Amino acid sequence: MDNFGFVNRDMAINVLSRLQPKLLLGLKCVCKRWHQLLCDRDFTKVQSQKREQISGFFFQQKFHWCPYDIRTIAYIPAKFVGLNQTVFSFLPEDVVVLASCNGLVCCRSCVPCNDPAIYVCNPVHREWIKINWSGPDRDSHIALAFDPCRDAMERSINFKLVQVRHFEPTLDNFYFSFEIYSSDTGVWRMSKEICNCNDKLYKNKGIFIGGVLHWLTDGDNILTFNIENELAWLIAVPLSSIHFESITGSCIGESDGQLYHVIVSEEGLHVWLLQDPFESKWTLKHAKTLEAMEAKHPSFLYNLRERVIHRPSLDSDPWMDPLAFKDGYLLMKVCDKIVIYHVGTNQMKQACTLSELGGISASSPIVLTYCLSMIPLKQALE
């Protein structure tokens, strides 16, 4: 068993790296030698080249007007097997989740607090890095950029944080600025780039695809920022809001390394794939009318058209609201329920109710997609 039953160590790494992270976590507990191999830098470099599918969603409610944070974070598995509200118990304090990227999660201290900080962690290994957070803001938009296929090949694993701020220097002139933190340097710096836009950021907290961060806005645009060349631009959504009679619900997400836009309107549920980010060209990949969805899922959906059409405003609580999308899995709020809908199979299942999540506030929850990662964060820094 010198090579774990394989011809040589390289073969062991090649075979084991093909297993799902959930299985590898179990193998780490077999003995010390298995644990050493699966935490070895050579193994993590090979294993990180494999693109991991979605594991689940993080869901955290928040108060709309109150200056305090709700401290409970629920983890909802994509293949639902029950809620977990202790995923971040290894951190030194209660946190608010900000972003998730390829297995790493960015959080911040709950406010109010005496020593506010930002944490980047890997929940699989229960490891974290603390970053000073000067000028804390409860409404900060901080995104996480981490590419394991590229960064894991380096001697150390590097990630970047991008804090987006919206400024209004004059009544008719709004713009976004970008402040960047690099784990390589350990300092924040302000980018020279700005992006003129009158819209505000909405829902998903920065989705990282192909070196570019994407934020949905409350207008007809998606804000983007290229991490390497620090260029920002706006991508128009597939259909403008003036196309619809109702107040729509929408979110953006990623699947197979491509950006998707999900929208619910009186015309139904539509999932669009971005083909050209510079020309704002989209292709419709999935479409279901409200009537077809109601007929297929009568236990969840009823009087759907009437409820979708009569949403009074964007700030009002929608009856059916897409929250997050990844790898074909769409997390939605339907009335007082949280459901998971798979666009490929047209299957819908109830994950939980809002009361099971605490039932404190259904307004604008923070929802992040999450995939497991075997990358040891502390070993990378050492």
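Q: How many aromatic pairs does the structure hold?
A: This predicted model holds 14 aromatic pairs.

Q: How is the pair of W233 and F278 arranged, and what are its distance and angle?
A: Two rings count as stacked if their planes are under 30 degrees apart. Here the planes of W233 and F278 stand at 25° and the ring centres are 5.2 Å apart, and the pair is stacked.

Q: Which parts of the chain does this pair tie together?
A: W233 belongs to strand 14, whereas F278 sits in the loop between strand 17 (268-276) and strand 18 (281-288), so the pair ties together parts that are 45 residues apart in sequence.

Q: Is W233 buried or exposed, and is F278 buried or exposed?
A: A residue is called buried under 20% relative accessible area and exposed over 50%. W233 counts as buried because its relative accessibility is 19%. F278, at 64% relative accessibility, counts as exposed.

Q: Which residues do ring pairs link into a cluster?
A: The cluster consists of F58, Y75, F88, F90 and Y370, linked by ring pairs.

Q: In what order do the four strands of the open sheet lie?
A: In general, the strands of a sheet pair through backbone hydrogen bonds, in a parallel or an antiparallel sense. In this case the order is 11-12-13-14, and the pairing is antiparallel. Strand 11 (207-209) and strand 14 (232-236) are the edge strands, each pairing on one side only. From one strand to the next, the twist averages 30°.

Q: Over how many bridges do strand 13 and strand 14 pair?
A: Strand 13 (residues 221-226) pairs with strand 14 over five bridges, in the antiparallel sense. L223 has L234 in strand 14 as its bridge partner.

Definitions and conventions: Residues are numbered from 1 along each chain as its sequence is written. This is a predicted model: local features need pLDDT of at least 70, side-chain atom pairs count only at pLDDT 80 or more; totals for chains, interfaces and linings use all residues. Side-chain values use heavy atoms; hydrogens and water are left out. Two strands pair if DSSP finds at least two bridges between them. Helices (H or I, at least four residues) and strands (E, at least two) are DSSP runs, numbered from the N terminus. Axes are lines fitted to C-alpha atoms, for helices over the stretch in contact, and angles run from 0 to 180 degrees between N-to-C directions. Rings of Phe, Tyr and Trp (its six-membered ring) pair if their centres lie within 6.5 Å; planes under 30 degrees apart count as stacked, over 60 as edge-to-face and the rest as tilted. Buried means under 20% relative accessible area, exposed over 50%, partly exposed in between (1.4 Å probe, protein chains only).
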